[in-house]
Amino acid sequence: MEQSGLDLGTWTTIFQNEASGLLRGHDWRLEFDYSLETLNSCDWKDYIRNTSARFRCSGCGRGWPSNQVKVVFHMRLTGTMGVVKIRPYRQNCKVCTEAPMGNPSIEDDNIKVLMENLVKKIRIKCYHEKLDDGRRYFKTYDVESPHEPSHCEACLRGICNQ
Ligand SMILES: [Zn+2]
Ligand SMILES: [Zn+2]
């Protein structure tokens with residue numbers, strides 16, 4: 001699986017910084033899982049978030065920014081062990097025919113916003129803390145062309161405009 005733009009080490013480091021002192025010293029681990037679909041287990045809590053990212057076509061090299069990039073999180077706490085599975089939804093090139101779906105390249109600043117909101121969601125959903133749902137917003141790009149539903153994996157799954 002192409003992992004360009006998605007470095008688990010970076011995500012984990014940022015997550016640990018954001019989680020520091022907030023998750024009761026429990027051990028939380030992140031992983032990417034491109035097969036995540038809807039929840040089929042009540043042990044897991046889920047959560048979807050939007051961010052912005054850049055994409056690059058592996059066929060023609062064309063790049064484009066998007067402010068509609070969905071990331072789905074599934075999280076579970078078992079005893080003192082927590083797991084977060086992450087699925088960033090991909091897009092493909094609208095110029096090339098049958099271009100492969102490419103992973104989003106998400107800037108560290110926006111990963112930080114995602115992780116800050118994720119930690120808050122874990123506190124609410126897994127630790128039952130009463131926190132307001134106020135959230136920080138991600139940095140957006142100047143995007144000239146409209147979102148392309150037929151080239152967005154999340155649109156194709158019907159979850160992009162939720
Ligand atoms: Zn292309
Ligand atoms: Zn979409």
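This is a predicted model: local features need pLDDT of at least 70, side-chain atom pairs count only at pLDDT 80 or more; totals for chains, interfaces and linings use all residues.

Me: Why is R24 called exposed?

Reply: A residue counts as exposed if 12 or fewer other C-beta atoms lie within 10 Å of its own, and R24 has 10 such neighbours, so the label applies. R24 lies in the loop between α1 (8-19) and β1 (27-32), and its phi is positive, about 60 degrees, although R24 is not a glycine.

Me: What makes E98 exposed?

Reply: With the cut-off at 12 or fewer, the 7 other C-beta atoms within 10 Å of E98 put it in the exposed class. E98 is found in the loop between β4 (81-88) and α2 (108-125), and, although not a glycine, it has a positive phi of about 55 degrees.

Me: Why are the buried residues of α1 said to line one face of the helix?

Reply: W11, I14 and F15 are buried in α1, and, viewed down the helix axis, the buried residues fall within an arc of 105 degrees, which is why they are said to line one face. An α-helix has 3.6 residues a turn, so residues three or four places apart point the same way. The buried residues of α1 pack against β1 and α2, while G9 and N17, on the other side of α1, are exposed.

Me: What makes β1 and β2 the edge strands of the sheet?

Reply: Four strands form an open sheet, with mixed pairing, in the order β1-β4-β3-β2; β1 and β2 (45-56) each pair on one side only, and they are the edge strands. Neighbouring strands are turned against each other by 25 degrees on average, direction ignored.

Me: How do you know that β2 and β3 pair?

Reply: Pairing needs at least two bridges between the strands, and β2 is joined to β3 (residues 63-78) by eleven bridges, with the two strands running antiparallel. Y47, for instance, has F73 in β3 as its bridge partner. Across β2, β3 and β4 lies α2, which runs at about 175 degrees to β2.

Note on methods. Residues are numbered from 1 along each chain as its sequence is written. Chains are lettered from A and ligands numbered from 1 in the order in which they are written. A residue is buried if 20 or more other C-beta atoms lie within 10 Å of its own, exposed if 12 or fewer, and partly exposed in between; C-beta atoms are placed from the backbone. Axes are lines fitted to C-alpha atoms, for helices over the stretch in contact, and angles run from 0 to 180 degrees between N-to-C directions. Two residues are in contact if their C-beta atoms, placed from the backbone, lie within 7 Å. The arc is that of the directions from the helix axis to the C-beta atoms.
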